Amino acid sequence: MGKIIAIANQKGGVGKTTTAVNLAASMAATKRKVLLIDLDPQGNATMGSGVDKYELAATAYELLVDEKPLAEVVVKDTSGGYHLVGANSDVTAAEVRLMDVFARELRLRNALKAYKNSYDFIFIDCPPSLNMLTVNAMSAADSVLVPMQCEYFALEGLTALVDTINKLASVVNPELKIEGILRTMYDPRNRLANDVSEQLKQHFGDKVYRAVIPRNVRLAEAPSFGAPVMYYDKSSTGAKAYLALAGEILRRSEKKKPVTGAVAQ
């Protein structure tokens, strides 16, 4: 059965879209079948996947508002080797249109229900705010991956996000949990970054990924070439970091799988 992971943080500029694109590409490189859903009207994950957001025949808008089947919305030819549901400014209107719809927070969950087993992983790039699009993502997801910088204010934002996840779990998605916390734009020479990193480990334990995403010029350059960093510069520290993250997520997922065929003693 496929796993749906929302990549979310209410704070912008934390490497959320960078993580969505490069984690999807890294998983696809391990021969997993991957779908990336861009729910951010800015369409950065779409452009970073080598797909022109201005040329899209259909976007997440059609998936959520018009209830088009996923098969009619998905783009299969991306630079990262994964499938994509793209986004552009049309998606901004989706939130307004959904306000008048019954069970509006469940539109994405219902859209993915028939396709979940067609993919090993479905990643959802959320907007940097708690709006109806983000609520849809979290209602559909099994878990939430939180990218964050190791800064003081980021800790406060993380507390608010955890509260939001808990509230949504109690109301619309009882299975929702934190998949993991990813430290991004990390500079080990920065004392504050190290202090915040230690606080994260103390509060969240093994929810904090061992893999760390460093500040890396190649990571910043790759989107302008419409490609994940591993296809722009596979030897860069950014590419290696996201491959390490993919490996860590896969190992954790394997550990959580129930053992079948065991004989009761």
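Helix H8 gives the largest share of the lining of the largest cavity, three residues. Helices here are DSSP runs of H or I with at least four residues, strands are E runs of at least two, and both are numbered from the N terminus. This is a predicted model, where local features need pLDDT of at least 70, side-chain atom pairs count only at pLDDT 80 or more, and totals for chains, interfaces and linings use all residues. Residues are numbered from 1 along each chain as its sequence is written, and side-chain values use heavy atoms, leaving out hydrogens and water.

**The cavity**
- On a 1 Å grid over the protein atoms alone, a cavity is a set of points where a 1.4 Å probe fits but cannot get out; lining residues have an atom within 4 Å of a point.
- The count is one cavity of 30 Å³ or more, and the largest cavity has a volume of about 40 Å³.
- Its lining is made by Asn9, Lys11, Val146, Met148, Ala154, Gly157 and Leu158.
- Strand E5 (143-149) and H8 are the elements that each give two or more residues to this lining.

**The pocket**
- A pocket is an open set of points with protein on both sides within 12 Å along at least five of seven lines.
- The second largest pocket holds about 320 Å³ of space.
- Of its 21 lining residues, Val14, Gly15, Lys16, Thr18 and Met185 lie nearest its centre.
- H1 gives the most to this lining, with three residues.

**Helix H8 again**
- Phenylalanine 153 sits in H8 (residues 152-171).

Terms used
Grid points are joined across faces, edges and corners, and a volume is the space filled by probe spheres set on the points.
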